[in-house]
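Please open the structure in a viewer and keep the selection tool at hand. The stops below are to be visited in order.

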Amino acid sequence: MSPIGRLLPHESALDHVTGRACYTDDHAGRLRGLLHAWPVQSPHAHARIRRIGREEALSQPGVATLLTAADIPGENETSSGFPDEPLLPLEEVFYHGQPVAWVLAESREAARLGAAAVPVEYEPLPSLVGLEEAIEAESWLAGPFRLVRGDFPSAWEGAPFQMEDSLWMGGQEHFYLETQAALAWEDANGGLIVRSSTQHPSETQEIVARVLGLPRHRVTVECPRMGGAFGGKEVQATPYAALAALGCLQTGQPVRVRLPRTLDMVLTGKRHPFLGRFRTGFTPEGNLLALKVDLYADGGWSRDLSAGVLWRALLHLDNAYWIPAIEATGFVCRTHKSSQTAFRGFGGPQGVALIEEVLTRIAQTLDLPPSLVRKRNLYRAGQTTPYGQEVREAESLHTLWDTLLEQAGYAERETEIANANRGDPHRKRGIAITPVKFGISFTQGRFNQAGATVLLYRDGSAQVHHGGTEMGQGLQTKIRQIAASSLGLPLESIRVMTTRTDQIPNSSPTAASSGCDLNGPAVAEACGKLLERLRPVAAELLACPAVLVCFQDGRIFSEYEPTRALTFARLVEEAHLRCIPLFSQGFYQTPGLSFDPDTGRGNPFAYFAIGAAVSEVEVDGFTGEYRIRAVDILHDVGRSINPLIDRGQVEGGFFQGLGWVTCEELLWDREGRLRTAGASTYKLPSWSELPPHFEVRFFSGGIESPAIAGSKAVGEPPLLLAFSIREALKAAIAAFGPGPVDLGLPATPERVYWAIDAARRRGRTDRRTRPAVRLAPLPRSGASARR
């Protein structure tokens, strides 16, 4: 039986639950003379550095050294593109808590006390903390980026109905279980080993070498596994690896950098907060005719990956809907906060949030069921996205949508909910269905490649090296299944190795839901080359034509004589005796991709992952508190390599999205301090959010996937299914009074209460006096901005 398609547990599941799984920091106890790092942090959101004292720290017990910008032998730059991210600031700080120096000491407590003793003189400078302030000041990091199709002005003027409004979208903390961590030590040959919790070992290698002024072959980066990442370790793991390496180079001792939770939340980037302003024209039936969007992303103090995040938001403004005329413009704004970065979905969720908001407002304005308006606007066969890519999944979208409506009993539940709402003036229920169409591939073309090496040993076992990293998503489990299937070996004969830059150079980040799509084919190609070398040897030993040789479960036999077989170990030993190489490399590049950001046209995605979710909620009109009653998900994973892993990804992605749209709220004060820097003030979804009915099904009627074994990416798309929760909340709020409903994101109980109060007040007003076209005031900084 082929390992592909089997419901196998995560290859490290037992190690996870027994504590045997080793992460980056677990190696620290094996290093003699280890030094620990602690930052000296700025108390200002924006200031000029006048002086940093050294002697006060060095006089503290256990302190070895103080690292400042003056100690960097190479380039003081850690960015992956635009050079605006110094490892340590030389003259100016740009966010509250930014490290200006790092103390290295014999213990973390000694390092902390040493950092507290460092005197730093600052000259405070004006700061921009709120996104609206940055927009008003035209403080741009990147943009404008534009995406245009059709003639928006004409379509807008000719539309029977028009609407203008805006949507504020908050950020989100990654809150991975393993915080940022790195270890660095010298090897026996004059090089550096850096163990890093990173999604991109090759970029970490590049940055470390750049900062130290070394060629890259002197630096080896390895990533054993990560305790979660969600995009937060795609580029933002590199500064901590570089600091550990810099400290090691300066002192000749191993160095450990590991951030405690509060420091991790203060120093690292989040999901980008967004503001979207929109104007839309539509028909009496709710069909979109025209859409104009201005998107503003809060990038924080540096560019990081913000330009790519904004582009993906623009490319997902359509979600699963046909928009005849669209004009979208995006800016990345500079604020004096931590530099916002990649987060599961990479801008796609913010773009989808806006179009879902538009459609619900259209439905409530026209007094139509939102599910009907969404259905009428779904892509149809032959239609293309605003950037010109054909939506081959259009017919599958309709089939999936109708199937889920039937499976979830949507029509019957709508009737039941309406009856329940009429009988209870203080508690209201709501139900909603939302789709997802998510593009799979890196929009930065050079990342759509991967390499692998497979080594066969004379006992018939195999080692697999590839450039992907494991962060709990099950990539190594799937790679093991692919290798076992490709070589015809049992799973226990395959070992997937730790990701290292001295094994696979110049690798791409494990991100964009493409880890298996890229590394899987590379592994399969390497395995295929080995079989082509072994097949003639097997044919000779079996006395049959090479085309009839079969490899299965560690046995090699002729298709017509399955009972007369060789063991894989016997065949490999024979190949070794004949001097046939028993190692091979594979390479894969995603074909057919193109995108021109200057014109906003092309085919940036290999395919679209699709799905839909139905969610039901109940809201308390007195408090705004709510509970999720039921969730039904139907998602297309193609021919799943591992249905158990994919189910876990759908469930986990949905709940992470649920956190973003309902309860996870980031708050900064006017001085730029992050006030939600821990689990006591930052609310994560928990068991209380798990509904009594939670059903995940896989859709089997989708189009053929071009990915390995017909599988489809499942890392990011399910997160967007959580919009069904937000739309169900709006349906419940609308039961308290007429809409459209103004509901912030995240939809905390406070915001739900405010929305209910507004709906009730509208209900006490003659509806004939309310205008059909409404312009909502933009949220301002401070308390009102959180509404």
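In this tour, a residue is called buried if its relative accessible area is under 20%, exposed if it is over 50%, and partly exposed in between (1.4 Å probe, protein chains only). The model is a predicted one, in which local features need pLDDT of at least 70 and side-chain atom pairs count only at pLDDT 80 or more, whereas totals for chains, interfaces and linings use all residues. Residues are numbered from 1 along each chain as its sequence is written, and side-chain values use heavy atoms, with hydrogens and water left out.

**The whole chain**

Begin with the complete chain in cartoon view. It has 19 helices and 29 strands; these are DSSP runs numbered from the N terminus, with helices (H or I) of at least four residues and strands (E) of at least two. The C-alpha trace spans about 90 × 80 × 50 Å along its principal axes. Of the 787 residues, 61% are buried. Among contacts in the chain with a separation of 6 or more, 80% are between residues 24 or more positions apart, a contact being heavy atoms within 4.5 Å.

**The eight-stranded sheet**

Next, select the strands of an open sheet with mixed pairing, whose order is S3-S5-S1-S12-S9-S10-S11-S20. Its edge strands, S3 (63-67) and S20 (499-500), each pair on one side only. Two strands are said to pair if DSSP finds at least two bridges between them. Within this sheet, S1 (residues 35-41) and S5 (residues 99-105) are antiparallel and share six bridges. Select Pro39 to find Trp102 of S5 opposite.

Is strand S18 buried or exposed? Select residues 462-466: five of the five residues are buried, so S18 is largely enclosed by the rest of the structure. Ala462, Val464 and His466 point one way, while Gln463 and His465 point the other way.

Leu455 has Gln463 in S18 as its bridge partner. Five residues lie between the two strands of this hairpin, where Gly460 takes a positive phi near 90°.

Which strand pairs with S18 in the parallel sense? It is S19 (residues 494-496), through three bridges.

**Two cis peptide bonds**

Select Gly143 and Pro144, which are joined by a cis peptide bond with omega of about 5°. Pro144 belongs to strand S7 (residues 140-149). Then move to Gly739 and Pro740, where the peptide bond is also cis, with omega near -5°. Pro740 is placed in the loop between helix H18 (723-734) and helix H19 (749-763).

**Two positive phi values outside glycine**

Select Asp367, whose phi is near 60°, a positive value in a residue other than glycine. Asp367 sits in the loop between helix H10 (348-366) and helix H11 (370-377). With a relative accessible area of 65%, Asp367 is exposed.

Finally, select Ser441, which is not a glycine and yet has a positive phi of about 150°. Ser441 is found in the loop between strand S16 (427-440) and S17. Is Ser441 buried or exposed? Its relative accessibility is 4%, and Ser441 therefore counts as buried.
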